[in-house]
Amino acid sequence: MHFVHLSISRMITTDSPCIASETTPLVPVGVSKKPKTPLPKFQIGILMMIHVTEPIASMSMFPYINQLITELGITGGDDAAVGYYAGIIESLFFVMQSLTVLKWSRLSDRIGRKPVLSIGLLGTCISMICFGLSTTFWSLVVSRCMCGVLNGNIGVLKTMIAELTDSTNMAQGFALVQVFWRVGTFVGPLMGGMLEHPQDSWPGLFAPSFWRKYPYFLPCAVAAGFVVLAYLMMFFFLEETLSTKRRPKMTSTTLSVTSRDDADNQEMFAQKSMADMPMRSLLTPTIVIPIANYSMISILDISLRTLMPLFFSTPTHLGGLGLSPSSIGLWLALFGIADGLLQVLFFAKIVDWIGPKRLFCVAALCFAPVMLVFPIMSWLVHTRGIVDHAITFALLVQLVLTVIWGMAFAFTTGSIFMFITASAPAKNVLGAINGLGQTSASVARAIGPALATSLFAFSKEHNLLNGNAVFFILIVLTGVLGWLASQLPDEMQVRDE
């Protein structure tokens with residue numbers, strides 16, 4: 001039977017223009033458009049659960065970080081200087097991540113994706129608990145550094161998405177990355193703003209002195225709880241995607257077992273060789289140009305995300321809005337939920353409609369109007385003296401513009417990672433390629449908060465352009481992004497093998 005089966009296969013192969021096997025359809029399928037492969041929903045869902053824990057953990061502090069800096073007495077009562085220290089705290093995670101994320105991604109090409117994800121989740125959980133128990137500036141610094149050093153998950157996670165998808169559903173897979181990131185940007189600030197100082201909001205439930213000594217522990221502990229849940233889901237249900245570490249699956253047929261094993265061994269040897277490629281050999285224009293775009297848009301987006309709570313919390317006499325942490329959390333949560341609701345169905349369709357490069361170039365123009373609303377609100381506060389209905393209307397206008405930018409950012413980062421993924425010379429260097437992209441993005445996100453908040457504080461202290469110089473500097477950087485976008489290739493290489 002084994003010989004007969006092989007003979008029939010050879011006859012089919014000879015008579016057909018394409019290679020035949022047991023799965024070859026009797027009626028040739030048209031090659032005009034490849035049918036879309038269904039996403040592995042359960043596996044992608046676990047990855048998204050892991051992914052959403054990062055913005056929840058990192059952004060839960062945004063509503064209260066400026067108040068925390070003030071309460072610790074670091075600035076000596078100088079409200080204008082709060083931005084310097086807040087920027088340091090917000091940047092430290094990305095500084096340390098930029099130093100280690102590439103090493104974690106390269107390590108995942110050798111030991112597998114799951115072990116690296118496990119280390120990242122456990123590191124995030126421990127660092128959040130430490131942050132909630134911090135009572136000095138340096139303890140805050142240590143906890144944020146710990147989180148960044150141990151967390152290389154984002155590069156590995158995007159590598160796994162690339163390994164679970166092909167050219168027909170890659171856009172859909174990467175669209176979910178931004179959708180769930182925006183879910184985290186909704187949940188994190190809402191949770192941070194509502195749960196800080198629980199002894200004041202719910203004195204009957206949080207009366208003990210512990211909560212007065214550690215008023216920011218509750219949001220940190222809840223964020224750590226999300227991380228623990230994601231870790232359990234990953235540990236029990238997530239399958240390894242690195243081909244050299246996957247468990248072999250039993251099949252009903254024994255046809256060509258020896259030849260198949262030989263092929264697998266050759267593939268494993270080739271992939272291990274690719275995994276050991278020097279990083280310099282990967283720095284080709286097709287890889288560097290998309291990564292440069294991703295870095296620039298990352299620095300603009302993280303600058304916006306850190307300037308918002310700083311501007312909202314800055315006293316009105318300095319041109320801010322003077323909002324409370326709970327109000328800041330509600331506004332940031334509203335921005336996040338609006339982003340998520342409007343993104344979920346659009347990314348893949350728009351990429352198919354106008355293409356990744358054109359989408360990126362159009363999206364790059366959306367940032368400047370968002371920045372212009374900040375000086376307008378400062379002017380309104382200065383002329384009217386209070387935060388009234390005019391400021392509320394300006395906030396709603398900014399909400400709409402930010403949602404447009406948020407959609408553009410989601411489309412853009414998804415498109416860029418499609419370019420980065422397609423530029424990989426082999427599957428087994430996807431970890432290195434995505435790690436390189438995430439390293440540059442982490443460097444950008446490390447620079448962004450410190451640069452934006454320091455420029456904000458410097459603008460206020462020295463009254464540069466009426467305290468609004470930071471916003472116009474970021475508008476200039478938008479033009480740099482537009483030029484980088486024009487350098488992207490017109491067509492994206494298809495990667496299915």
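Okay, quick one on definitions before anything else: helices (H or I, at least four residues) and strands (E, at least two) are DSSP runs here, numbered from the N terminus. On that basis, the secondary structure of this protein comes to 20 helices and 0 strands.

What you're looking at is a predicted model, where local features need pLDDT of at least 70 and side-chain atom pairs count only at pLDDT 80 or more, while totals for chains, interfaces and linings use all residues. Residues are numbered from 1 along each chain as its sequence is written, and side-chain values use heavy atoms, with hydrogens and water left out.

Let's do the whole chain. There are 497 residues, and 54% of them count as buried. Buried means under 20% relative accessible area, exposed means over 50%, and partly exposed is in between, with a 1.4 Å probe and protein chains only. The accessible surface comes to about 22,300 Å², and carbon and sulfur atoms own 69% of that. Those areas come from the Shrake-Rupley method with a 1.4 Å probe; for residues, only the protein chains shown count as cover. As for contacts, meaning heavy atoms within 4.5 Å: take the ones with a separation of 6 or more, and 83% of them are between residues 24 or more positions apart.

On to helix pairs. A word on geometry: axes are lines fitted to C-alpha atoms, for helices over the stretch in contact, and angles run from 0 to 180 degrees between N-to-C directions. Under 35 degrees counts as roughly parallel, over 145 as roughly antiparallel, 65 to 115 as roughly perpendicular, and the rest as oblique. For handedness, a crossing is left-handed if the near helix is turned anticlockwise from the far one by less than a right angle, and right-handed if clockwise.

Start with H13, residues 285-313, and H20, residues 469-486. Their axes come within 9 Å and cross at roughly 160°, so H13 is roughly antiparallel to H20. H13 passes H20 in a left-handed crossing. Who's touching whom? On the H13 side there's a list including Ala292, Met296, Leu300 and Phe311, and on the H20 side, among them, Phe471, Leu474, Leu481 and Ala485. By residue class that contact splits into 14 nonpolar, 3 polar and no charged, where Ala, Val, Leu, Ile, Met, Phe, Trp, Tyr, Cys and Pro count as nonpolar, Asp, Glu, Lys and Arg as charged, and the others, Gly among them, as polar.

Next pair: H2, residues 41-59, with H5, residues 113-132. Here the axes come within 11 Å and cross at roughly 30°, so H2 and H5 are roughly parallel to each other. This crossing is left-handed. H2 puts in Leu47, Ile50, Thr53 and Ala57, and H5 answers with Leu117, Leu121, Thr124 and Met128. That's 6 nonpolar, 2 polar and no charged.

While we're on H5, have a look at Ile126, which sits in that helix. Ile126 is partly exposed, at 46% relative accessibility. Its C-alpha is 9.7 Å from that of Ala221, 95 residues apart along the chain.

From H4 we have Gln97, Trp104, Ser105 and Ser108, meeting Ile154, Gly155 and Val156 of H7. The class count there is 3 nonpolar, 4 polar and no charged.

Ala450 is in H19, residues 430-462, and is partly exposed with a relative accessible area of 26%. Skipping neighbours within four places in sequence, Ala450 contacts Gly87 and Ser91.

Which residue has phi near 50°, a positive value in a residue other than glycine? That's His197, in the loop between H8 (170-195) and H9 (198-201). His197 is buried, at 13% relative accessible area. Asn466 also has a positive phi, about 60°, without being a glycine. Asn466 sits in the loop between H19 and H20 and counts as exposed at 61%.

Last stop, Ile386, in the loop between H17 (367-384) and H18 (389-422). Not counting residues up to four places away in sequence, Ile386 touches Val381 and Ile391. Its C-alpha is separated by 9.6 Å from that of Gly322, 64 residues apart along the chain.
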